[in-house]
Amino acid sequence: MPAPAPATFTSTEGFRSGFACFVGRPNAGKSTLTNALVGQKIVITSDKPQTTRTVVRGIVHRADGQLVLVDTPGLHKPRTLLGERLNDLVTATWSEVDVVAVCFPTDEKIGPGDRFLVNELAKVRRTTKIAVATKTDLVAPDRIGEHLLDIAELGRETGTEWAEIVPVSAVAGDQIDLLAELLVGLMPEGPALYPDGDLTDAPEEVLAAELIREAALDGVRDELPHSIAVVVEEMGLREGRPDDKPLLDIHANLYVERDSQKGIVIGHRGSRLREVGTVARKQIETLLGTPVYLDLRVKVAKDWQRDPRQLRKLGF
């Protein structure tokens, strides 16, 4: 994975830095874990599977090292061209990072999807692999112990050597510091890759688009998440404003695949779209620290998930 251009950072003896990525079935808690480690929301989370579409790097700064987290979509059986491209993104990332952390949610038994993923991961020889038992706040302690044994057994069955097996709860904050410590310990020695204070290298337009999509996904029908794409068409500070009262103008389009879906997103007399705009605007203002004017439009891009030309236009 190409590291950023070296800046003028000095590193102390024993400082470590490198890349790690969280993988797992859809909805295994990968994005929530990334946000918890970074200490701020930089990737969207949702109770709908297959929410993550872009690889966003979160940066964890510690006294002993710097951890660059790559958030990938959940590996799944693809039904569309978009699905195939998302899977390609996952497998390409595995071979380019220092550590792959596989997430196994504790409130679900290990199933065929986990076995498929770990078998695929076993083909990547050089990358260090750890297992993370996520969502421990949702189950009793004896269930956690049982789950850890199942993860160890899956490693034996697939010929995968886990460097660590760690139970965590991103929501409760349990063992998040320990996980960061273990991940940094597995990184190669080297200087910091990003300046102190940087939390992500994703462009602000990408972060804004993701937060708009998260707001649009919240509370809609199960079939809709796959059909929503967001493109920020224009983003910039409004001219003529005093320095102490800036306003960031964002104009974005939400794309759906059918007219019926457009109606769902807009809602009765535009009520739902207004709600999406309010929620997204507040999230963007929190992330960027600037007041925002957000203009949202809903457009139909027919069957965009299966159309290579449309996928290119929407950034996939």
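**Note on ring contacts and nonpolar cores**

1. Arg238 lies over the face of Tyr293, 5.4 Å from the ring centre. For a charge to count as over a ring, NZ of Lys or CZ of Arg must be within 6 Å of the ring centre and within 35 degrees of the ring normal.

2. This is a predicted model, in which local features need pLDDT of at least 70 and side-chain atom pairs count only at pLDDT 80 or more, while totals for chains, interfaces and linings use all residues. Residues are numbered from 1 along each chain as its sequence is written, and side-chain values use heavy atoms, with hydrogens and water left out.

3. The whole structure holds 1 aromatic pair. Rings of Phe, Tyr and Trp (its six-membered ring) pair if their centres lie within 6.5 Å; planes over 60 degrees apart count as edge-to-face.

4. Phe104 is buried at 1% relative accessibility, and Trp162 is buried at 13%. Buried means under 20% relative accessible area (1.4 Å probe, protein chains only).

5. The largest nonpolar core has 27 residues, and Ile212, Ile250, Leu254 and Leu296 have the most contacts inside it. Such a core is a set of buried Ala, Val, Leu, Ile, Met, Phe, Trp, Tyr and Cys residues joined through side-chain atoms within 4.5 Å. A second, separate core of 24 residues includes Val23, Val102, Val124 and Tyr194.

6. Ile250 touches residues including Ala208, Val232, Ile284 and Tyr293, leaving aside residues up to four places away in sequence. Contact means heavy atoms within 4.5 Å.

Note on methods: Rings of Phe, Tyr and Trp (its six-membered ring) pair if their centres lie within 6.5 Å; planes under 30 degrees apart count as stacked, over 60 as edge-to-face and the rest as tilted. Buried means under 20% relative accessible area, exposed over 50%, partly exposed in between (1.4 Å probe, protein chains only).
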